[in-house]
Amino acid sequence: MYESHKISYASNPKINARFLMINLVNLPEWQALQDHKKKIENTRMQDLFAENPNRFSEFSIQFEDVLFDFSKNRITEETLKLLLNLTKAINLPSYIHSLFSGENINLTEKRPALHTALRNPHAQVLANGKNISALVQHSLEKMQDFSEKIRHHTLKGCTNKPFTDIINIGIGGSHLGPLTTTHALKEFAIPTLRCHFISNVDSAHVNDVLSSINPETSLFIISSKSFTTLETLTNANTIKQWFKTKVGEHGWEKHFVAVTAAASKAMAFGIPENHIFPLWDWVGGRYSIWSAIGLPLILLIGMKNFRHFLEGAYAMDRHFQQAQPRHNIPIIMALISLWYINFFDANNHAILPYSHLLHYVPMYIQQADMESNGKTISRQGKSCLYKTGPIIWGDQGCNGQHAFYQSLHQGSHFTPVDFILTGATQHSLRKHQDILVSSGLSQAQALMQGKSSKHILAELIDEGYTQQEAEHLSAHKTIPGNQPSNILFIKKISPYNLGVLLSLYEHKIFVQGAIWNINSFDQWGVELGKELMPSILSDIENNPSHMNYDSSTQALISYYKKIRSDV
């Protein structure tokens, strides 16, 4: 049973005091890893496979429908042992307990991070004196009732027509979560509903969506935790006025829904109380797809499938809490990534799904990782003397092979890779899927194996090149290899398995933040731009704020105002 705690993350007596007092790089466990790196940095993975025919079985973990193969990494069993010693040095289990039990692990905002409670049907934890389980279950029941009325056409628009289009108006986690999941699970969607997304305040984006829908059959979901986000509220007000112009002044509120922690602001906007779904301050935006932010997904795939989605995430939560570290997928993923970031100087990490349905997963993980761990200040307010979160990027694998894979194979940047492969989709053509999987596996093998200049030279001589020509050309065709990758092989894409996948990455990110001794649950860097924006906007709208801008900003404001005037 979970308990309510008021102990802060940093003051938790179970967390290793030695770690909090000593900089990470001065720990003997860290220094042991530095020494080990020097010993194996020139080791080739091909040799490790040749020396150990059981390497795959020893360096892979199966969890239900997900196979995690980490054998194509520049690691040995000794590497893992030393990395796991680092988790012992910080007492990682105490951090995991703090996450799940409701302690205020978000130190700067004095909040817990209880997104895991959204998918735990047995959670018994208090936040702000309220039982979270009761709040979550009430929200799920309200969403189920609402979604069934929409899907069964018992709730209609102001002209008595059933809804055909769902338009999600949000940004950040309120956008990427629904976008990623509705696309991934489109094969489970009801055919009578379409989903659209408006996140960009660019009017071209808004116009693209509005020009493709019928206002009389459209339902707009305004997703904003504070209900003050400038981009989201600007879009919402524009759409509200557009709707009134197209349909009329009366009944527009039947077409608008809010997902927010600020119900009073949503009601002031004109949204009726029964169309407002709750958010809470203990759920961060990038972790909110498990909440009412997932309403677009529920409308498309139904509550039964959404509960399967939650169940998959909860299954990974239990694996993360219960599995031994050596056989714990999020922990091992986190440690291998940290190994490259902090000891091989990697500054980026590629997420490459070989699945059209997982097209938006790299963007989703990018926000989750970079907004969580893109920090340089420790929990104690000191500068970190080591790298933290990497740049996360990626795209669908097959497309990437004909775009950026050249840099992965022969470029100057060291880039660890996660390949995400799927066994099948509901409507996959066998030949297509065979080619897709073969492409992913061949790229992972090519990154590891490479192609030596000696081998290429022999090939070129056999093709009739002179020795001089062959030596010149072989330098260009040599591929170093020994580039690491993980493979996450998912049996099939389903609501349950998607929940497993997204939860897995959440926990991987959390483990790294714990080791780096940073707060993975605030995002003050995001806030600064929001603070500066109103002043610049005021100046652009001809209401000088008398701010002392730098000469570049001042000149660009003037330049834009001139362009706007000319147009």
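Author: Let us start with one aromatic cluster, formed by Trp 30, Trp 339, Tyr 340, Phe 343, Phe 344, Tyr 386 and Phe 414. This is a predicted model, where local features need pLDDT of at least 70 and side-chain atom pairs count only at pLDDT 80 or more, while totals for chains, interfaces and linings use all residues. Residues are numbered from 1 along each chain as its sequence is written, and side-chain values use heavy atoms, leaving out hydrogens and water.

Reader: How is a pair of aromatic rings described?

Author: By the distance of the centres and the angle of the planes. Rings of Phe, Tyr and Trp (its six-membered ring) pair if their centres lie within 6.5 Å; planes under 30 degrees apart are stacked, over 60 edge-to-face, and the rest tilted. By this rule there are 28 aromatic pairs. Take Phe 344 and Phe 414: their ring centres are 5.9 Å apart and their planes are at 20°, so this pair is stacked.

Reader: Which parts does the pair of Phe 344 and Phe 414 tie together?

Author: Phe 344 is in the loop between helix H13 (329-343) and strand E10 (348-353), and Phe 414 is in the loop between helix H16 (405-410) and strand E12 (417-424), so the pair links parts 70 residues apart in sequence. Helices (H or I, at least four residues) and strands (E, at least two) are DSSP runs, numbered from the N terminus.

Reader: Are Phe 344 and Phe 414 buried or exposed?

Author: Both are buried. Buried means under 20% relative accessible area, exposed over 50%, and partly exposed in between (1.4 Å probe, protein chains only). Another pair, Tyr 354 and Phe 419, is tilted, with 6.0 Å centre to centre and 45° between the planes. Tyr 354 lies in the loop between E10 and helix H14 (361-373) and Phe 419 in strand E12, so this pair ties together parts 65 residues apart in sequence. Tyr 354 and Phe 419 are buried too.

Reader: Which charged end sits over the ring of Phe 344?

Author: A charge sits over a ring if NZ of Lys or CZ of Arg is within 6 Å of the ring centre and within 35 degrees of the ring normal. Here the charged end of Lys 37 is 5.1 Å from the centre of the Phe 344 ring. Likewise, the charged end of Arg 326 sits over the ring of Phe 59, 5.6 Å from its centre.

Reader: And where does Met 533 lie?

Author: Met 533 belongs to helix H21 (residues 524-540). With a relative accessible area of 34%, Met 533 is partly exposed.
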